[in-house]
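Welcome! Please open the model in your viewer and have the selection tool ready.

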Amino acid sequence: MSTAAAISHPNIAFIKYWGNRNNELRLPSNGSISMNLDGLFTRTTVSFQPSLPFDELIINGHEVVGKGLERVSHILDLIREKAGIKMNAEVMSENNFPSGAGIASSAAAFAALAVAGSKAAGLDLSERELSILARRGSGSASRSIPAGFAEWKLGESESDSYAFSIAPADHWNLADCVAIVSSTHKKTGSTEGHAVAGTSPLQNARVTDAPRRLDICRNAILKKDFEALANIIEHDSDMMHAVMMTSNPPLMYWQSATVEIFHQVREWRANGLPVGYTVDAGANVHVICLGEYKDEVEKRLRACPGVSKVLVAGVGGAAEIV
Ligand code: PMV
């Protein structure tokens, strides 16, 4: 028996990944940039055991079978193949944040699985190899492997589409105040969403324009230009949701409270508060701000109608063995 445990942080995309050019390999249609979220984490233990008749998955104390287990077994298969082993594994995973509500639980989950699983199998993979392995489970998981602010490059093939850190966690003191307006499990997961992205006539324009948005976002991070960052993340998030809403079938993740917060955030920014919004495949709004304003932003979000809870996170480090 051989066991390893890892922790990994979810990440919030500033330039979004939406749509694949290869669904099986999760090769993205466009590059993306994100920030890891400190304080929120997944802790995963993988244990390969000769006596296990099949892989077992336990998330937050509950056994998971079906599609969830299949996705994990797929990554374990890739690890077994690399390591030349045949044993099945027990995977135990715990999140300290609500899953399936636009807080990218799958990103943290597959990053932690890649790190713990490969270590338990006796492999010593580089950060790049771990990012590629995590990507096969969930595209955005590739970005939860490196520390701080990460860019996932498009790449030309399976072996060069991976994420790397463009700045460490202590480069810029930003905070993500996540306004929870819905903690129910979303109806359409991102895997199904990516598969229909190409049915929107807007997707092509979004993908073609991605290098421009990536440059603006990367520069804003490197120069710590908050105004530029706020403008580009809102623009990019709105573009992704425009694609979602105009795909077939149409995906509408926003609730009325989501839109209400957009208006508030823009008004606050116009009045001098450094804030900007972005939304993943869910209704919850990630309000990004300069770290020193996080208490004020949290207080204002709590007072918004429809907000049940606010989670606050700083910039997180890399996925690592614990
Ligand atoms: O990694 P996935 O398949 O869960 O897709 C993530 C998609 C978004 O969260 C909406 C955008 C992103 O880049 O994280």
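Start by selecting strand E5 (residues 32-36) together with E10: 4 bridges join these strands, which run antiparallel. Two strands count as paired if DSSP finds at least two bridges between them. This is a predicted model, in which local features need pLDDT of at least 70 and side-chain atom pairs count only at pLDDT 80 or more, while totals for chains, interfaces and linings use all residues. Residues are numbered from 1 along each chain as its sequence is written, and side-chain values use heavy atoms, with hydrogens and water left out. The names come from DSSP runs, numbered from the N terminus: helices (H or I) have at least four residues and strands (E) at least two.

**The sheet around E5**

Click on Ile-33, and then on Glu-151, its bridge partner in E10. Now look for Ile-15, whose bridge partner in E5 is Ile-33. That brings you to E2, which is joined to E5 by 4 bridges and runs antiparallel to it.

In what order do the 4 strands of this open sheet come? Select them as E2-E5-E10-E11, and you will find the pairing antiparallel. Strand E2 (11-15) and E11 are the edge strands, each pairing on one side only. Neighbouring strands here are turned by 35 degrees against each other on average, direction ignored; the axes behind such angles are lines fitted to C-alpha atoms, for helices over the stretch in contact, and angles run from 0 to 180 degrees between N-to-C directions.

Is E2 enclosed or open to the outside? It is largely enclosed by the rest of the structure, because 5 of its 5 residues are buried. Buried here means under 20% relative accessible area, exposed means over 50%, and partly exposed lies in between (1.4 Å probe, protein chains only).

**Two domains**

Next, colour residues 2-170 as domain 1 and 174-313 as domain 2. These bounds come from an automatic or database domain assignment. The centres of the two domains, taken over C-alpha atoms, are separated by 23 Å.

**Salt bridges**

Side chains of opposite charge can pair when their charged atoms come close. A salt bridge here is a side-chain nitrogen of Lys or Arg within 4 Å of a carboxyl oxygen of Asp or Glu. By this rule there are 16 salt bridges, and the count between domain 1 and domain 2 is 2.

Go back to Glu-151 and show its side chain: it forms a salt bridge with Arg-218, with the closest N and O atoms 2.7 Å apart. Arg-218 also has a salt bridge with Asp-215, at 2.9 Å between the closest N and O atoms. Asp-215 and Arg-218 both lie in helix H6 (residues 210-223), 3 residues apart, about one turn of the helix. Asp-215 is partly exposed at 37% relative accessibility, and Arg-218 is partly exposed at 22%.

Now select Arg-136 and Glu-158, whose side chains meet in a salt bridge (3.4 Å, N to O). This pair links distant parts of the chain, 22 residues apart: Arg-136 is in helix H3 (residues 127-137), and Glu-158 is in the loop between strand E10 (149-152) and strand E11 (163-167). Is Arg-136 buried or exposed? It counts as buried, at 12% relative accessibility, whereas Glu-158 is partly exposed at 25%.

Move on to Arg-300 and Glu-296, a salt bridge with its closest N and O atoms 2.7 Å apart. The two residues are separated by about one helical turn, because they sit 4 residues apart in helix H9 (residues 294-302). Then show Asp-209, Arg-212, Arg-213 and Asp-236 together, as they are linked in a network of salt bridges.

**Last stop: Gln-49**

Finish in strand E6 (residues 42-49), where you will find Gln-49. Gln-49 counts as buried, at 16% relative accessibility. Leaving aside neighbours within four places in sequence, Gln-49 is in contact with Met-1, Met-87, Asn-88 and Glu-90.

Notes
Contact means heavy atoms within 4.5 Å.
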